[in-house]
Amino acid sequence: MSHHALNPRHLFLTRRQMLSRCGMGMAGVALNGVPGLVAAAEGDGPAMGLNPLAPRRPQFPGKAKAVIHLFMNGGPSHLDTFDPKPELTKLHGQELPKMLKTERPTGAAFKSPFKFSRKGQCGLEVSELFPQVGDMADELCVIRSMHADVPNHEPSLLLMNCGDGRLVRPAMGSWVTYGLGSENQNLPGFVAMCPGGYPIQETQNWQSAFLPGTFQGTYVDTKHSDPKKLVEYIDRKTGAGEQRRQLDLLRQLNEDHQRERAHDSRLEARLQSFELAYRMQMEASDAFDISKEPEEIRKMYGKGTQARQMLITRRLIERGVRFVQVWHGAGQPWDNHDDLEKNHRKLARECDQPIAALLKDLKMRGLLEETLVMWGGEFGRTPTVEMPKKGSNAGKINGRDHNHYGFSVWLAGGGVKGGHVHGSTDPYGFQAEDKPVHVHDLQATILHLLGFDHEKLTYRYSGRDFRLTDVHGKVVRELLA
Amino acid sequence: MPVRVPAAVLLGVIALLPAAVPGGVSLDGARSHWAFQAPKRVALSGKGHPVDELLAIRQNEKGLTLVPEASREVLLRRAWHVITGLQPEGGILAGALSERKGSLPDWSARIVDEALASPHFGERWARHWLDVARYADTKGYDFTAGRLFPFAFTYRDWVVRSLNEDLPYDEFLRRQVAADLMDVPVREQAALGFLTLGRRYLNKHDLIIADRIDVTFRSTMGLTMQCVRCHDHKSDPLTMADYYGLYGVFDSTEELPEGELPVISIPEDSPGYRKFRDELTARANAAHDYAAEKIKGYQRPSNPLKFDRKAALNKLNQTERGKYRGLLAKLDELEGSSEFAPARAMAVRDRVTPREPVIFERGQLGNRGARVPRAFPAFFRDDPDRIFKRGSGRLELAQQLTRPGNPLTARVCANRVWMHVMGSPLVATPGDFGLQAQEPLHAALLDHLALHLMEHRWSVKALIRHIMASRAWRSSSVSDENLAGNDPENRYYARSNRQRKDLESWRDTTLQASGRLDRKLGGRPVKIHAAPFPGRRTIYGLIERQNTPSFFRIFDFPDTSQPVVKRVSTTTPNQALYLMNSPFLHGEARATAEATASHGGEKERILALYQRILLRRPSPEELVRARVFLGSAEQGVRQSAGAWSYGHGRFSRDSQRVDFKPLPHFTGKAWQGGPKLPDRETGWVHWNSQGGHPGHGDHAAILRWVAPRKATVRISGELSRPAGKGDAVRGLVVAGNEKVVSEWTVKPGGKVETRLVLRVVAGQTVDFLVESTGDESWDGFQWAPVIMEEGGELPLAEAQAGFSGPALDRWPLLAQVLLLSNEFLYVD
């Protein structure tokens, strides 16, 4: 994927050496070979001690090697972005023939205030909210028939991220780094970026739950522009020369200690971890420092927080980070129960150019082929207008309620069909109708693109083999290129 | 206590099992599953220790010979690590190593007894149990109420005390499930925190109950009840009827409202306590006043701290309820946070009328299926017809869990105790003893340990003592070619396992080395991960279930959403970064070095450092290396570790010069003249990350920045004087120690933008001075300048983000190396 300052395989023992020298159990094989085929034992200590983030092969060759998840938290309206509904426009102000119960009361049909036009060679219809993303239409694979379980944020966020709306389960990024490790040992394997604070459900969105803590998403507040504030404890408080001399003395001390304690590879692994950390201080500052990008690249992404975090995303992916999740902002910015037109316009303007630039930039560098980009929220919004309700909205009657029955998500790169539309909602956009895709199906498909059978990427915990898709999920083959 | 119900009875039970067979599970398989049999007694020859004799069965089959015994030094460190999580120090260390009389086993037994008598035993072993009990001080994701459980700590302290007092393990379990229904002192109700302090799942009742069922069964019997919520167990003899039978038990149990939790200890009378009482009464009266205003005929109780919250809430409308609840919350908040507040137990009680459970099909609330009785899981009942009859059935549940005929409870406990003593469990899945759990290699040994536990009044201390009296425990942890080849995982225990310190023992022993360890037992949790890094033991750190601070996550602290029986252990560069760069470790390195400062000579001081941290003398080569390291270290040329320096002094209008004197003392949050303010010489002068305070006369507060290169810089920031009293302060920026480039005066309560553009050359100083005009009282100010390079996107320097404590000097640098060593982290 990209060049690396070091090959992590050289830092640690090879698998065979490990098996012969320190006697890894089956769990060790699982983690260093094909995860899930042999489940890791519960709380398996020593095996995890040996660099759990070392890169690993998937179960079968996957098209995608890394994932970028652009999370439009709050629930962007599919009807105003990627799922045009002329029928809804016709019925504007009238009662829809079909009403579904959502979180709050809704009323008459509410047409999209935005114009749609055909984009790219494929003629994909995209609304005026995303003109520049629309220009990349030939890369996009839009799923218009997504559906989830309930119309509430908390469970829907957890379902999208962790495969279960209520219980504590590992995030997709944790599963992916558990399965594949990471290509860069100087950076975290799973990074979650959100400017200005947390989305709702907070760190649960990138939790490792029962998977080892090292697979948890590393949160980065992209409100900051100083790279030193983005990764914890990366800021060296001792002069570089002094720290080097400290580590040299430490090495001598540890080598003497190890000499009398043969056959314990944990000691060597820990010694190496200090060397890795020493290099990480340089590399991480570099990865997050977008001022090192040439002027024209920075121009392409534009100005502002979204531009910064998209550009950081590309720098991380380029350096081999496995899973990057980018949140639009703290709380739930896309949750426009009121003033949908004004707010959606503002939000889209913030991220349209940066997202388009990210796609272009990845493509230019040949990274898009092996990087799966996913755009979407936790659900979509109702085709009907939200009615006033005391204590929950301002009652302006110009917004939409949550809609888990039908919504859109798009994928790009990483082995999916470009310029493709999959499935559809009913004529009003209320409910997935043709070829419905449940969130678990999407997750199964993502794991497939990475080279995993979602039923076999498992972790043994509490007497049971757990997986991202629980007991559900079907790979949507029509999406695959 | 003799075991009254041997295998025959258990088999009888199984034969009587009801016809309700769980779907897909072969009952024959379950009946013959090794873990579901009563522990069997094995005939022993009586030669040697039973543990060694039982281990030898397998060792001989494999042809393995034991490695030699470890040295006394190693055994002493090992014993204290296993038992207390601390290093032996001072008198204990010297005493144990000079008292070499008698055989090694006798000596070893003495040091083990000494460690077991230490109150720090309870702290170490309580932490093991708290992992299983998914302990945290906060509720998890919940924005309807305060996030903190104000009294979780009383449960934690109960666990520590019970272990120190060696409360029999069966009783230890029973009280955690049903203390309120037992004839025990009120303070024992703190044990019920076991049930109540789980994650709150946005107050979804069915999920809170699921958590309670799960923690109860996983911790005691090693059974997983999670899956049975939605379907019969795929491998174990557990059904949905079993699950909802237990659901009924917990559904018939209710939490006490915060204000009604039983008081378990009242602090001694003191001015602080009286002040607390007065404030509490005032807040209570505010709530009564409000209720009296809104409710006709409201009866004020004679004791203002008594409330009938329910009755009052029922008589208020929605808006009023919100207000009334807010007033009550203020009351609870004071009770939960004041150190003078009486401690309370997070107790539960039975509902007046028990609820009759039904099965929720597919685990969906409201999808009501058949009715089931409240009862113990059918397969594990002592009598198939026995259902719970008394109230919720919680006490009967506790009794079933701990009845001597229960084949699992003692085994599960014995396996955990063995794991914590020996470094690896006998049953590889210590949280699951169901059908998927393989029979352990040393099954006879596990049975022996389980019987030992039950026959020695369920004494955990006795079991630890028993294991640690074995030759196996005394073995060296050094492997050899033969063992490395034939038993690399040490499944046969022909040697000892080298143990890595976990988060708690690593941090606690670091505090020991620096001399900062606070040995006080118990109390409210403290934020140990943030400055000023209190020296309490790690077990007293505030555990946040949601957004667990990275300090905990980095060092493999377990998830607190669910029981964790065995922690994972990782080695990551993030740990190394923390050890290399964190303010905590730098503080410890500095304190450790300072603690050896009284040793005059360099050699003596090095010896003292080695002794403090590694409990030994350095070898001659190590001594030479340390001296070379010290000799080549840069002398303390820099005051702070960052780009800024913090000082006091004056700007002379005549000579146009800044007389800058660095502030000598760093509190962890601020630079100042000495440990206490006002300082005799410099008065109130100090700097923190946001601003500071000038002194009188010649003691302006000065923040100094040195330009790293030639550049045009843009300085921004805001100088403000928040207090509305006193007189004005004057801010100056002096460039290159020669001219005032800007000057502002800020009146009380006022503020001013401090913007300017400057050309600087490498090494040039830029000083930010704040002078007092007139009297320095109330002159506290905020000023945290940001320096950008013209055209650059990132700041060259930011006073707030770049605020830092002192740079490490050469002795702390050496101390830090020793604290980072593998020798310090791994216990042989």
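Mentor: Before we look at distances, one term: domain bounds here come from an automatic or database domain assignment. Keep in mind, too, that this is a predicted model.

Trainee: Fine. Which domains does the assignment give for chain B?

Mentor: Domain 1 covers 267-341. Domain 2 is pieced together from 503-554, 571-636 and 808-828, and domain 3 runs over 644-798. Taken over C-alpha atoms, the centres of domain 1 and domain 3 of chain B are 47 Å apart.

Trainee: What does the C-alpha trace of chain B span along its principal axes?

Mentor: About 105 × 85 × 55 Å. Within chain B you'll find 29 helices and 25 strands.

Trainee: And how much of each chain counts as buried?

Mentor: For chain B, 50% of its 828 residues; for chain A, 61% of its 481 residues. Chain A, by the way, has 15 helices and 18 strands.

Trainee: Now sheets. What should I look for?

Mentor: Strands of a sheet pair through backbone hydrogen bonds, either parallel or antiparallel. For a case in chain B, follow the order S9-S8-S14-S21-S17-S18: six strands in an open sheet, with antiparallel pairing.

Trainee: Which strands are at the edges?

Mentor: Strand S9 (657-662) and strand S18 (739-746) of chain B, each of which pairs on one side only. From one strand to the next, the twist averages 30°.

Trainee: Can we zoom in on one pair? How many bridges join S17 and S21 of chain B?

Mentor: Seven, between S17 (residues 729-735) and S21 (residues 765-772), which run antiparallel. As one example, Ala735(B) has Val766(B) in S21(B) as its bridge partner.

Trainee: Last one: how do I read the interface?

Mentor: The size of an interface is often given as the accessible area lost when the parts come together. Here we can count residues instead: 62 of chain A are in contact with 67 of chain B.

Trainee: Which helices of chain A supply at least two residues each to the side that touches chain B?

Mentor: H4 (45-49), H10 (240-259) and H11 (265-287). H10(A) gives the largest share, 10 residues. By type, the side of chain A that touches chain B divides into 20 nonpolar, 23 polar and 19 charged residues.

Definitions and conventions:
Residues numbered from 1 in each chain as written. Chains lettered and ligands numbered in written order. Predicted model: local features only at pLDDT ≥ 70, side-chain atom pairs only at ≥ 80, totals over all residues. Contact = placed C-beta atoms within 7 Å. Helix = DSSP H or I, 4+ residues; strand = E, 2+ residues; numbered from the N terminus. Nonpolar A, V, L, I, M, F, W, Y, C, P; charged D, E, K, R; others polar. Buried ≥ 20, exposed ≤ 12 C-beta atoms within 10 Å, placed from the backbone. Pairing = 2+ DSSP bridges. Axes fitted to C-alpha atoms, helices over the stretch in contact; angles between N-to-C directions.
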